[in-house]
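Here is a short briefing on side-chain contacts. Look over the sequence and the structure before reading on.

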Amino acid sequence: MRARRPRPATPDAGPEARPARPRDPQEERDALLAYAFRALGQRALSAAELRGRLERRSENPDLIEEVLRRVQELGYQNDEQVARSEGARRGVGTMRVRQTLKRRGVQDSLIQEVVEARDPDREHAEVLTLLERRWSSLARKRDPQASAFAFLARRGYTGNVIWPALREFMAGRPVEEPGDEPDWPEED
């Protein structure tokens with residue numbers, strides 16, 4: 001095995017040692033804009049998410065706002081579109097949608113609008129579908145109804161959606177043993 005030679009510590013040691021040429025403002029703007037397009041090409045980002053990514057790339061707040069404004073003008077970034085897409089996700093409840101949008105930095109008024117637009121009948125049907133799909137594994141638990149409730153609550157469904165769907169689902173299933181009826185909470 002051949003021993004490595006140590007690198008000379010002089011400034012003219014090679015390309016690694018040369019300082020990078022500082023970018024002029026136009027080059028910096030173009031590089032940041034290209035990065036924004038690449039980031040938005042991978043995933044729809046909220047304005048707050050994109051701003052955070054741009055802040056890690058540049059220390060110039062005016063440039064960051066300019067780039068953010070430009071991608072919005074061109075239609076590549078739109079918080080309404082991000083919120084509506086999140087609101088249309090299947091298999092997650094209203095609470096999950098609300099939490100996700102809040103975490104992603106979407107404005108409260110837009111979150112409220114998206115949450116109110118969700119169809120309660122669709123959520124009910126989704127819960128029934130999830131119960132049907134997952135019941136074989138949930139039924140093996142000590143308390144299948146409690147496990148089902150916990151599973152659905154983790155997905156962001158509220159009790160107002162879970163309990164009626166669970167009642168409907170269990171009504172269509174044969175009772176395992178006589179006298180072993182589920183103890184349902186009273187409806188409001």
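A residue is called partly exposed when its relative accessible area falls between the buried class, under 20%, and the exposed class, over 50%. Aspartate 108, with a relative accessible area of 49%, is therefore partly exposed. The model is predicted. A search of the whole structure gives 14 salt bridges, and there are 3 aromatic pairs.

**Aromatic pair**

- One of the 3 aromatic pairs joins phenylalanine 37 and tyrosine 76.
- Their geometry is edge-to-face, with 5.0 Å centre to centre and 70° between the planes.
- The pair links distant parts of the chain, 39 residues apart.
- Phenylalanine 37 sits in helix H1 (residues 25-42). Tyrosine 76 sits in the loop between helix H3 (61-73) and helix H4 (79-87).
- Phenylalanine 37 is partly exposed at 30% relative accessibility. Tyrosine 76 is exposed, at 52% relative accessible area.

- Among the 14 salt bridges is the one between the side chains of arginine 51 and glutamate 65, at 2.8 Å, N to O.
- Arginine 51 belongs to helix H2 (residues 47-57) and glutamate 65 to helix H3, so the bridge ties together parts 14 residues apart in sequence.
- Arginine 51 is partly exposed at 27% relative accessibility. Glutamate 65 is partly exposed too, with a relative accessible area of 31%.

- Arginine 84 and glutamate 113 form a salt bridge, with their closest N and O atoms 2.5 Å apart.
- Arginine 84 is in helix H4 and glutamate 113 in helix H6 (residues 108-117), so this pair ties together parts 29 residues apart in sequence.
- Arginine 84 has a relative accessible area of 37%, which makes it partly exposed. Glutamate 113 counts as partly exposed at 40% relative accessibility.

- Which side chain meets that of aspartate 108 in a salt bridge? The partner is lysine 102, at 2.7 Å, N to O.
- Aspartate 108, at 49%, counts as partly exposed.
- Elsewhere, salt bridges that share partners join five side chains' residues into one network: Arg43, Glu49, Glu86, Arg89 and Arg104.

Methods. Residues numbered from 1 in each chain as written. Predicted model: local features only at pLDDT ≥ 70, side-chain atom pairs only at ≥ 80, totals over all residues. Heavy atoms only, no water. Phe/Tyr/Trp six-rings, centres within 6.5 Å; stacked < 30°, edge-to-face > 60°. Helix = DSSP H or I, 4+ residues; strand = E, 2+ residues; numbered from the N terminus. Buried < 20%, exposed > 50% of the residue type's maximum accessible area, 1.4 Å probe, protein only. Salt bridge = Lys/Arg side-chain N within 4 Å of Asp/Glu carboxyl O.
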